[in-house]
Amino acid sequence: MKIIATNKSASFEYFIEEKYEAGIVLEGNEIKSIRAGNVNMNDSFCFLRGNTVSVKNMHVALYEKSDSFSTKDTRRDRKLLLHKSEIAKIAGKINRQGYTLVPLKLYFKDSLVKVEVALCRGKHTFDKKETIAQRDIKRSVDREIKNAGF
């Protein structure tokens, strides 16, 4: 499993509850661009419309060697491939309990591109401050262990 891109802000902005693996519908020139690593998942999110789940605002750069018939929209909506039961479960939680669906990472599984999406609950500002404080404490403890010679 080769990780192509990650959404680093997702773990800071949200509490991650459940993770799902989904396929993604892409065009040929987008695959080549993703293989080159030209993808950005910051500010991307997923939404439900009917019985389909789509990723919005995921930037896949244009492949420089592609022809003029390729799509020019780098931030178009891309359909995710999930089982019907998973979509029903996600839809129930999003509609009733206030969860959001956020893409976490994009990776290759064998020769296929997969997206890891997660059901998340939003953090408040005090939760974010607590996360920053815990990260600083962990960093200082690691620094002390390194300096002590353990």
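Visitor: How far is the sulfur of Cys-46 from the closest cysteine sulfur?
Guide: In this predicted model, the distance is 9.5 Å, and the closest sulfur belongs to Cys-120. That is too far for a bond, because a disulfide needs the two sulfur atoms within 2.5 Å.

Visitor: How many disulfides are there in the whole structure?
Guide: Zero, according to a search of the whole structure. Cys-120 is in no disulfide, and its nearest cysteine sulfur is that of Cys-46.

Visitor: Is Cys-46 buried or exposed?
Guide: Cys-46 is buried, with a relative accessible area of 9%.

Visitor: And Cys-120, buried or exposed?
Guide: Cys-120 is buried too, with a relative accessible area of 0%.

Visitor: New topic, strands. How many bridges join β2 to β9?
Guide: Nine, and the two strands run antiparallel. Strand β2 covers residues 14-24, while β9 covers residues 112-122.

Visitor: Which residue in β9 is the bridge partner of Glu-18?
Guide: Leu-119 is the partner of Glu-18.

Visitor: What about β2 and β7, how many bridges there?
Guide: Two bridges join β2 to β7, which is made of residues 78-81, and this pair also runs antiparallel. Ile-24 stands opposite Leu-80 of β7.

Visitor: Now the surface. Which residues make the nonpolar patch?
Guide: Ile-137, Val-141 and Ile-145 make a nonpolar surface patch of about 260 Å².

Visitor: Where does Ile-137 lie?
Guide: Ile-137 is in helix α4, which spans residues 125-148.

Visitor: Why does Ile-137 count as exposed?
Guide: Because its relative accessible area is 53%, and exposed means over 50%.

Methods
Residues numbered from 1 in each chain as written. Predicted model: local features only at pLDDT ≥ 70, side-chain atom pairs only at ≥ 80, totals over all residues. Heavy atoms only, no water. Patch = residues over 30% accessible without salt bridge, like charges linked within 9 Å, V, L, I, M, F, W, Y side chains within 5 Å. Areas by Shrake-Rupley, 256 points an atom, 1.4 Å probe, with all protein chains shown as cover. Salt bridge = Lys/Arg side-chain N within 4 Å of Asp/Glu carboxyl O. Helix = DSSP H or I, 4+ residues; strand = E, 2+ residues; numbered from the N terminus. Buried < 20%, exposed > 50% of the residue type's maximum accessible area, 1.4 Å probe, protein only. Pairing = 2+ DSSP bridges.
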